[in-house]
Structure formats: structure tokens, C-alpha cells
Amino acid sequence: MINLSEKLGEMTFDGLITDIKPAPEVRGGVIRKLSAAATLKRGTILAKSSGTAGDGKLVVLGSTAKENETLTPDCILCDDIDVGTAADEKVAVYTAGCFDIGKVTVASAYNITEGDKDNLRMRGIVFKAAAAAN
């Protein structure tokens, strides 16, 4: 007989998602390879490359744009990912949802601007602090 009450795994709440409206939407994306290998953490805000030098790939918000490239805040990384120097990485990203501004990350020495928040809001990503758990 099958044991239907067997524990299969465990989930811990990290507080990244703070509400069910707008509903979280997950899609695929491609992160551009890095100049030095690094692990990008869940909750990293990613910007999409566009412009005449743009390639449509994702980079960490706050990265330096190439000449004739525009980096626009676009989505949030779903899971930790190791990004190397040899190849781009396919990843799952949140393209909509309600997130805690204190749980997201960007490039070091960069601060999220109101313009960044507006660009993300136009794409369906909003920010709301998580309520304290009892």
C-alpha cells in the first residue's frame, strides 16, 4: 500500500514574494555570460539589453551598458544560478508579481531608482514590504 503521508521535502519561506496579486508569472530568459564567473541569487533584478548594440539578453540591473546599448529593468531571477564566462545561461525569471523591495538585489554600488520601479511596474512587477509573521 502507498504511504500518502510520507514527507518528500521541505520548503522554506524566503519572503521574496509578498502577495498573490498581481499573480507571479514565470517565463524563460537568457543571462549574458559574465567577464568573471559568479553565482546570481534568487531575487536579482535583471535588465534587458536593447539598442543598436543590444542583444536582447539579461544582465544584472546596475551593470554598465556597452556603447549604443540600453539596459532597461525587466524581470527578477527565480532561482540561484551559476553564470560562467564561456556561455550564456538559460534561466527562469519572474515577469510579474508582488515582491519585497528588501529581498531583491542589484549590482553592488547601485541603488534602485524610482525610474527602475516605474519600468518594472509597467511590466507587472510591483513592490510591497512583507508583513511580519506571527
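## Cysteines

A disulfide is a pair of cysteine sulfur atoms within 2.5 Å. This predicted model holds zero of them. C75 is in no disulfide; its nearest cysteine sulfur belongs to C78, 8.6 Å away. C98 is in no disulfide either, and there the nearest cysteine sulfur, again that of C78, is 15 Å away.

Where do the two cysteines sit? C75 is buried, at 1% relative accessible area. C98 is buried too, at 3%. Buried means under 20% relative accessible area, with exposed over 50% and partly exposed in between (1.4 Å probe, protein chains only).

## The largest pocket

A pocket is an open set of points on a 1 Å grid over the protein atoms alone, where a 1.4 Å probe fits, with protein on both sides within 12 Å along at least five of seven lines. The largest one has a volume of about 220 Å³. That volume is the space filled by probe spheres set on the points, which are joined across faces, edges and corners.

Its lining counts 14 residues (an atom within 4 Å of a point). K33, L34, S35, V59 and S63 lie nearest the centre. Strands β3 (38–40) and β5 (58–60) each supply at least two lining residues. The largest share, three residues, comes from β5. Strands are DSSP runs of E, at least two residues, numbered from the N terminus.

The lining divides into nine nonpolar, three polar and two charged residues. Ala, Val, Leu, Ile, Met, Phe, Trp, Tyr, Cys and Pro count as nonpolar, Asp, Glu, Lys and Arg as charged, and the others, Gly among them, as polar.

## Basis

Residues are numbered from 1 along each chain as its sequence is written, and side-chain values use heavy atoms, leaving out hydrogens and water. In this predicted model, local features need pLDDT of at least 70 and side-chain atom pairs count only at pLDDT 80 or more, while totals for chains, interfaces and linings use all residues.

Technical notes. Helix = DSSP H or I, 4+ residues; strand = E, 2+ residues; numbered from the N terminus.
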